[in-house]
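Keep the viewer open as you read.

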Amino acid sequence: MAEPPRRIPAPLPVEDGYVPPEKSKRGMRIFLVALGAVLLACGGALAWSAANRSEPPRNVERLGELGIGTCFDWSEHEGSMNVPVVNCNRPHDAQVMARHIVDDRAAWPGEAWFEEEYGPRCERTLRNYAPDAYDDPAIEVGWVATDEVGWRQGHRWVSCVAGDSVNKRSEPLH
């Protein structure tokens with residue numbers, strides 16, 4: 001018959017009067033309570049933010065950096081070089097159809113030059129970019145170019161844009 005394993009007895013306490021403290025779980029409890037409070041506060045802040053937001057946040061970008069097909073709200077920031085960019089399936093009033101770099105080292109040409117040079121070009125762009133929109137009388141075509149200050153700084157661009165300045169659309173031009 002097999003002999004049961006022997007238990008090793010615990011060492012006898014030394015008689016010096018020292019009794020080791022029991023491990024306390026108080027620190028861990030405080031940590032867990034604090035962590036729970038932080039998580040609760042963050043969750044509440046996120047819920048409050050989501051409940052008080054009427055529409056998704058919109059990115060504001062520089063007009064000269066908008067890519068072809070980008071939709072934005074021009075009416076809200078007309079005259080500004082920064083516009084709110086939106087998904088084309090959300091209400092917007094303009095869309096970029098083309099971007100051109102003006103390869104000219106001369107002085108600022110003025111708005112009349114841009115209109116003469118890029119007005120017809122942007123009209124042709126809309127015809128090729130979105131033929132159905134070209135036939136829609138509500139769609140307006142235009143151009144947006146760097147201003148004189150930007151021109152002197154070397155930012156020489158023109159973007160062809162189209163949209164409906166009266167009624168915001170919730171679909172891309174094509």
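Start at Arg 99, which stands opposite Ser 159 in E6. Before going on, a word on the ground rules: this is a predicted model, where local features need pLDDT of at least 70, side-chain atom pairs count only at pLDDT 80 or more, and totals for chains, interfaces and linings use all residues. Residues are numbered from 1 along each chain as its sequence is written, and side-chain values use heavy atoms, with hydrogens and water left out.

Strands here (E, at least two residues) and helices (H or I, at least four) are DSSP runs numbered from the N terminus. Strand E4 (residues 94-101) pairs with E6 in the antiparallel sense over 6 bridges; pairing takes at least two bridges found by DSSP between two strands. E5 also runs antiparallel to E6, joined by 6 bridges, and Val 141 has Ala 162 in E6 as its bridge partner.

How enclosed is E6 by the rest of the structure? Largely, because 7 of the 7 residues in this strand (residues 157-163) are buried, meaning under 20% relative accessible area with a 1.4 Å probe, protein chains only. Both faces are covered: Trp 157, Ser 159, Val 161 and Gly 163 are buried on one side, and Val 158, Cys 160 and Ala 162 on the other.

Now for Thr 146, in the loop between strand E5 (140-145) and helix H4 (148-152). Thr 146 counts as buried because its relative accessibility is 4%. A polar atom of the Thr 146 side chain lies 2.8 Å from the backbone oxygen of His 155.

Technical notes. Buried means under 20% relative accessible area, exposed over 50%, partly exposed in between (1.4 Å probe, protein chains only). A polar contact is a pair of N or O atoms within 3.5 Å; within protein, one must be able to donate a hydrogen and the other to accept it, and residues adjacent in sequence count only if both atoms are side-chain atoms.
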